[in-house]
Structures are given as C-alpha cells and as structure tokens.
Amino acid sequence: MKGFSKILRKTDTKNRLSVPIRFLKSLPPFKLGSHAVEFEATDEKGETWAFQCSTRKSGPYRKPVLTTGWVAFVKSKKLQIGDKVRFVKYRNRATATISYKVRAEKEIKIFGAILGYAPIPPI
C-alpha cells in the first residue's frame, strides 16, 4: 500500500492538486514521450473518480499535479483550504490487480484550534 495525504491550500482547492514526486512511482506507467497519465480512484461512497496526473514537459523537477477531475472532486466534497485529502494505492495479492482510493477529510476546529480531521460521511 502506497500513497500520500495532503492538507489543502488555495491552489489545491481552486485549480489543481500538487502531488509528491514519490507518488509517481505508484501510478500507472507514463507512455513513452507522454507527460500525463490517467487513473481512477474510488471514494468512501464507492464512487469512481477519473483523474489525470501530469508533469512538466522539461526541466530537472517534474512537479506532478492532478488536473482533470480534481476540481470536480473538490466541489463535490465541498473541500476548503485546511481540509485533507488522502490517496492510497492497493494491490490485491490474489488477483494482482491495482486500485486507488481517495479520501476527503474535513478539518475539525474548536475556538480556532485545529483538533484533527474527520472523514466526510457517505450520504
């Protein structure tokens, strides 16, 4: 199981999600010459979301970001700055199939102090 979690910033909630470069190893392989790869992730309700991860075409740092599908996910979950998102890659040992999960968590604040994060309950 490989993945990452991230507390969302303004750009993450409005345009795209910056992804840690180490997560690229967990994604399906990029086609030769391509700087983007598509993958699907299932949320806590069992809904499937299609995302595209793209990288810079040139330069020493690839700077991966999720673009296609990301803003729709943010709007659907009503995510805001300070909320958290978690992506996890699973490999089924019996069938060798790979799947991805995405979890959105709302920030819990009391009197301005962040106490933690709570999963968004399925509706």
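The side chains of Glu44 and Lys77 form a salt bridge, 2.7 Å from N to O. Glu44 sits in the loop between E3 and E4 and Lys77 in helix H2, so this pair ties together parts 33 residues apart in sequence. The term salt bridge here means a side-chain nitrogen of Lys or Arg within 4 Å of a carboxyl oxygen of Asp or Glu. Helices (H or I, at least four residues) and strands (E, at least two) are DSSP runs, numbered from the N terminus.

Some ground rules. This is a predicted model: local features need pLDDT of at least 70, side-chain atom pairs count only at pLDDT 80 or more, and totals for chains, interfaces and linings use all residues. Residues are numbered from 1 along each chain as its sequence is written, and side-chain values use heavy atoms, with hydrogens and water left out.

Back to that pair. Is Lys77 buried or exposed? Lys77 is buried, at 8% relative accessible area. Glu44 is partly exposed, at 22%. The cut-offs: buried is under 20% relative accessible area, exposed is over 50%, partly exposed is in between, with a 1.4 Å probe and protein chains only. Asp43 joins in as well: Asp43, Glu44 and Lys77 are linked in a network of salt bridges.

How many salt bridges does the structure hold? Five. One of them joins the side chains of Asp83 and Lys106, at 2.8 Å from N to O. That pair links distant parts of the chain: Asp83 is in the loop between H2 and E6, Lys106 is in strand E7, and they are 23 residues apart. Asp83 counts as buried, at 3% relative accessibility. Lys106 counts as partly exposed, at 27%. Then there is Asp12 with Lys6, a salt bridge at 3.1 Å, N to O. Both of those residues are buried.

**A lysine without a partner**

Now Lys84, in strand E6. Lys84 is buried yet has no salt bridge. Which side chain of opposite charge is nearest to Lys84? Glu105, 4.5 Å away. For charge, Lys and Arg count as positive and Asp and Glu as negative; His and the chain ends are not counted.

Glu105 lies in strand E7. Glu105 is buried too, with a relative accessible area of 12%. Contacts next, meaning heavy atoms within 4.5 Å. Setting aside residues up to four places away in sequence, Lys84 touches Ser5, Lys6, Ile7, Arg103, Ala104, Glu105 and Tyr117. With neighbours within four places left out, Glu105 is in contact with Asp83, Lys84, Arg86, Tyr117, Ala118 and Pro119.

**The core**

On to the nonpolar side. The largest nonpolar core has 24 residues, and Phe39, Phe51, Leu66, Trp70, Phe73 and Phe87 touch the most other members. Strands E3 (36–42), E4 (48–54), E6 (84–91) and E7 (98–110) and helix H2 (70–77) each give two or more residues to this core. By definition, a nonpolar core is a set of buried Ala, Val, Leu, Ile, Met, Phe, Trp, Tyr and Cys residues joined through side-chain atoms within 4.5 Å.

Next, the aromatic pairs. Rings of Phe, Tyr and Trp (its six-membered ring) pair if their centres lie within 6.5 Å; planes under 30 degrees apart are stacked, over 60 edge-to-face, the rest tilted. The count comes to twelve aromatic pairs. Take Phe39 and Phe51: ring centres 5.9 Å apart, planes at 40°, so the pair is tilted. Phe39 is in strand E3 and Phe51 in strand E4, twelve residues apart. Phe39 is buried at 5% relative accessible area. Phe51 is buried at 1%.

Phe51 lies in strand E4 and Phe73 in helix H2, so the pair ties together parts 22 residues apart in sequence.

**The hairpin**

Last, E3 and E4. They pair in the antiparallel sense over seven bridges. Pairing takes at least two DSSP bridges between two strands. Val37 has Cys53 as its bridge partner in E4. The two strands form a hairpin with five residues between them, and Gly46 in the turn has a positive phi of about 90°. E3 has a covered face, Val37, Phe39 and Ala41, and an uncovered one, Ala36, Glu38, Glu40 and Thr42.
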